[in-house]
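These are my notebook entries on a two-chain structure. I recorded what I looked up, entry by entry.

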Amino acid sequence: METKSIMIVGVGGQGSLLASRIIGNVLLSQGYDVKVSEVHGMSQRGGSVVTYVKYGDKVYSPVIEKGEADAVISFELLEAARCLPYLKKGGKLITSTQQIDPMPVITGTAQYPENLVEKLKSAGADITAVDALSLAEQAGTSKASNVVLMGVLASKMDFPDEIWQNALEQCVPAKFLELNKKAFELGKNA
Amino acid sequence: MKKLMLGNEAFARGLYEAGCRIVSSYPGTPSTEITEEAAKYDEMYAEWAPNEKVAMETALGASIAGARSFCGMKHVGLNVAADPLYTAGYTGVNAGLVIAVADDQGMHSSQNEQDSRHHAIASKVPMIEPSDSGECRDFVKLAFEISEDFDTPVIVRMSTRVAHSQSIVDTEERQEHELKEYTKNPQKYVMMPAFAKGRHVFVEERMRKLTEYAETSPLNRVEISESAEFGVITNGAAYQYVKEALGDKASVLKLGMVNPMPVKLIQDFAGKYDRIIVVEELDGIIESHCHNIGVNNVEGKNIFGYIGEINQSVIADKLLGEKKESVSLDDNIPVRPPVMCAGCPHRGLFYCLKKLGVMVSGDIGCYTLGAAAPLNAIDTTICMGASISGLHGFNKARGAESEHKSVAVIGDSTFMHSGMTGLVNIAYNNSNSTVIILDNSITGMTGHQQNPTTGKNLKGDPAAAVNLEELCKAIGIKRVRVVDPYHLAETEKVIKEELSADEASVIISRRPCALLKYVKHNAPFAVDSDKCVGCKACMKLGCPAISIRDKKAVIDHTQCVGCGICKEQCKFGAIN
């Protein structure tokens with residue numbers, strides 16, 4: 001199988017590392033060669049954070065470049081817009097509608113662009129926009145937005161539900177498992 | 001068993017399987033997780049040392065004592081540890097000694113982009129370089145063999161991509177290596193001139209033997225493609241990009257051993273093709289080596305340059321003229337630089353420093369973000385510890401006027417690393433400097449590592465804690481004050497008092513990192529929009545939880561931890 005590429009983007013602290021671990025776990029259990037590339041350190045402090053997941057028969061490069069992603073999953077709307085160029089023609093864009101102002105917007109030197117979902121649509125993106133933050137809060141904590149979006153992704157991939165459930169069990173600490181399973185379900189049905 | 005592992009995790013697995021017994025490191029992105037993961041194996045003793053020099057000397061001492069040993073650091077850490085490295089090259093080892101150095105191509109989390117291969121060449125110590133997690137585990141095990149077979153430390157060079165990418169690793173059981181016998185041997189371990197002269201002869205002979213080893217080592221690999229039109233020589237992460245971009249369009253010589261490099265192997269490979277391209281990140285070290293051994297049909301740096309990471313797109317573009325299609329929005333997408341977290345104790349302190357308009361000599365850590373807008377509070381950031389010693393020099397150059405208008409800022413871990421020697425210089429050579437230690441009770445930027453001030457060791461067990469107040473006094477600083485940076489007025493008052501004092505002083509700005517699990521957060525604050533007049537005084541703090549909507553401030557309840565410094569700023573009582 002040709003290598004497939006999934007990009008997970010968001011703001012440092014939103015939990016992209018957990019999301020990439022869950023996907024990596026699912027793909028590994030399906031017998032694929034898998035590579036996941038993460039960003040640690042300074043960028044994690046509230047900056048743009050990008051994680052790459054690639055799978056197939058044999059994966060070489062761990063990074064995804066412009067025009068290569070089969071799917072982009074974004075935890076924040078501006079980051080979805082930033083990463084649009086990475087999406088392959090016909091690729092899927094899954095984004096939370098949550099907006100977090102970056103510092104140039106907070107300090108007033110830049111504007112947060114308006115109507116991004118519509119603009120992304122008219123740019124030709126196959127977009128699924130979900131209010132992941134509200135769903136996560138419904139599940140019990142705003143921190144579970146990442147797992148809500150994993151649920152949305154699961155609904156668009158052909159892997160059996162039990163594989164995702166196993167991955168959740170392996171990647172999420174036991175005391176938060178029920179809450180995260182609920183968040184996952186809410187995302188899957190969104 | 002097959003597992004998905006970070007390069008750093010696989011590195012630690014390699015240490016475990018190779019029977020490594022002693023691990024001493026200093027954290028630094030992207031090397032930190034090697035040691036954190038190593039600490040999870042009870043069979044290995046693992047510690048955070050106060051700096052990389054101490055870590056390397058500890059590991060060398062353990063190697064001389066007969067235990068397979070390891071120390072890990074980031075690229076700039078190897079500069080700190082260069083002193084023991086260059087002489088450990090002379091002494092060699094008793095049991096195997098492996099050193100990890102993680103370069104940060106692209107400067108994701110570093111102050112420079114130096115290429116550590118120069119240190120290996122200059123110290124005449126072998127260096128090997130894996131290109132994925134599986135190789136991390138394999139190469140580390142082989143590194144111990146090379147170390148013991150050739151009587152040398154071995155450096156394993158990592159990069160951000162290899163360290164922080166997960167790929168599949170096959171694990172094996174640990175092979176125990178009992179302590180080797182220790183025998184006193186001054187000719188080998190006492191490096192005074194008479195003995196060191198003998199060891200230098202040994203080092204040169206060892207390099208000759210290692211070059212011979214590189215010719216046939218499994219670390220170096222030729223992958224011939226029948227349909228290739230040209231040959232590529234590459235190393236590390238770049239190998240993966242080459243394979244993805246070029247597939248069978250090129251034959252590849254992958255160098256897993258980057259010091260010393262083979263001669264005949266490269267000459268033979270280069271002889272097969274008219275055109276040889278060297279794909280290596282940062283400096284042109286392989287390319288220069290090719291020219292040195294009379295292989296002149298090579299190019300590389302003229303195509304790829306010396307800056308940042310290479311990737312498959314760059315290679316496909318430059319070598320095949322292929323570009324991928326992509327779309328983007330017409331809108332200007334504002335950048336999202338890293339920021340101090342909501343509730344970060346550093347924020348209040350930098351707000352006061354900005355207000356006072358002082359020159360701030362900065363250092364390495366989360367607080368480097370005090371240089372960013374809107375606080376813009378930092379004047380200089382160079383390397384670990386340079387805030388304090390740099391301030392001393394600044395004040396010696398500019399005199400009394402400067403002494404009352406300048407401070408150094410340094411974190412607790414960085415102060416223990418190499419800040420305290422600068423403070424000794426201030427006390428000893430008498431500059432009236434003001435040093436602020438930002439004590440957030442953890443090593444923050446690298447992801448919460450314990451240090452000698454926190455009272456816990458790497459394993460989280462209770463440990464001796466350095467008392468910063470007493471330490472500064474013992475160094476000779478008489479004025480030592482402690483403030484809570486959540487209290488802006490008090491913090492500002494103390495800084496003013498210490499700036500105006502006619503002797504050196506230390507202010508300890510003490511408040512644990514807001515991200516620490518044990519730190520209890522207050523309920524989030526909210527803005528009363530009837531009271532908010534939109535004056536934006538709260539926005540001057542640069543808190544990521546506060547933004548303006550419809551000309552009024554709003555607080556993001558998912559980010560706010562209730563630190564209250566915005567409430568202290570609001571003259572209209574709108575934040576509660």
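This is a predicted model: local features need pLDDT of at least 70, side-chain atom pairs count only at pLDDT 80 or more; totals for chains, interfaces and linings use all residues.

Conventions. I took two strands as paired if DSSP finds at least two bridges between them. Helices (H or I, at least four residues) and strands (E, at least two) are DSSP runs, numbered from the N terminus. Residues are numbered from 1 along each chain as its sequence is written, and chains are lettered from A and ligands numbered from 1 in the order in which they are written.

Entry 1, a sheet in chain B. I looked up an open sheet of 5 strands and found the order β9-β11-β10-β13-β14 (chain B), with mixed pairing. Its edge strands are β9 (220–223) and β14 (298–299) of chain B, each of which pairs on one side only. I then followed strand β13 (residues 276–279) of chain B, which pairs with β14(B) in the parallel sense over 2 bridges. In that pair, B:Ile276 stands opposite B:Val298 of β14(B).

I counted 22 helices and 21 strands in chain B. Its C-alpha trace spans about 75 × 65 × 50 Å along the principal axes. For the radius of gyration, I used C-alpha atoms and the globule rule of 2.2 Å times the number of residues to the power 0.38. With 576 residues, a compact globule would have a radius near 25 Å, and the 27 Å of chain B agrees with this. I called a residue buried if 20 or more other C-beta atoms lie within 10 Å of its own, exposed if 12 or fewer, and partly exposed in between, with C-beta atoms placed from the backbone. Buried residues make up 53% of the 576 residues in chain B. I took two residues as in contact if their C-beta atoms, placed from the backbone, lie within 7 Å. Of the contacts in chain B with a separation of 6 or more, 75% are between residues 24 or more positions apart.

I found 9 of the 12 residues of helix α16 (residues 345–356) of chain B buried, so the helix is largely enclosed by the rest of the structure. Among these buried residues are B:His346, B:Arg347, B:Phe350 and B:Tyr351. The buried residues of α16(B) pack against several elements of chain B, including β16 (406–411), β17 (434–439) and α21 (488–500). Just after α16(B), I noted that B:Gly357 takes a positive phi of about 65°.

The bounds come from an automatic or database domain assignment. This assignment gives domain 1 (2–216), domain 2 (220–320), domain 3 (345–510) and domain 4 (520–576). The C-alpha centres of domain 3 and domain 4 of chain B lie 28 Å apart. I found 7 residues of domain 3 of chain B in contact with 8 residues of domain 4 of chain B. On the side of domain 3 that touches domain 4, the largest share, 3 residues, comes from α16(B).

I counted 8 helices and 6 strands in chain A. Along the sequence they follow the pattern β-α-β-β-β-α-β-α-α-β-α-α-α-α. The C-alpha atoms of chain A fill a box of roughly 50 × 35 × 35 Å along the principal axes. With 190 residues, a compact globule would have a radius of gyration near 16 Å, and chain A, at 16 Å, agrees. Of the 190 residues of chain A, 57% count as buried.

I found 4 of the 5 residues of strand β2 (residues 33–37) of chain A buried, so the strand is largely enclosed by the rest of the structure. β2(A) pairs with strand β3 (residues 48–56) of chain A in the antiparallel sense over 5 bridges. There, the bridge partner of A:Val36 is A:Val53. What joins β2(A) to strand β8 (residues 165–170) of chain B? I found 3 bridges between these strands, which run antiparallel. In β8(B), the bridge partner of A:Ser37 is B:Ser165.

I located A:Leu186 in helix α8 (residues 177–188) of chain A. With 21 C-beta neighbours inside 10 Å, A:Leu186 counts as buried. Not counting residues up to four places away in sequence, A:Leu186 touches A:Leu135, A:Gln138, A:Ala139, A:Val148 and A:Gly151.
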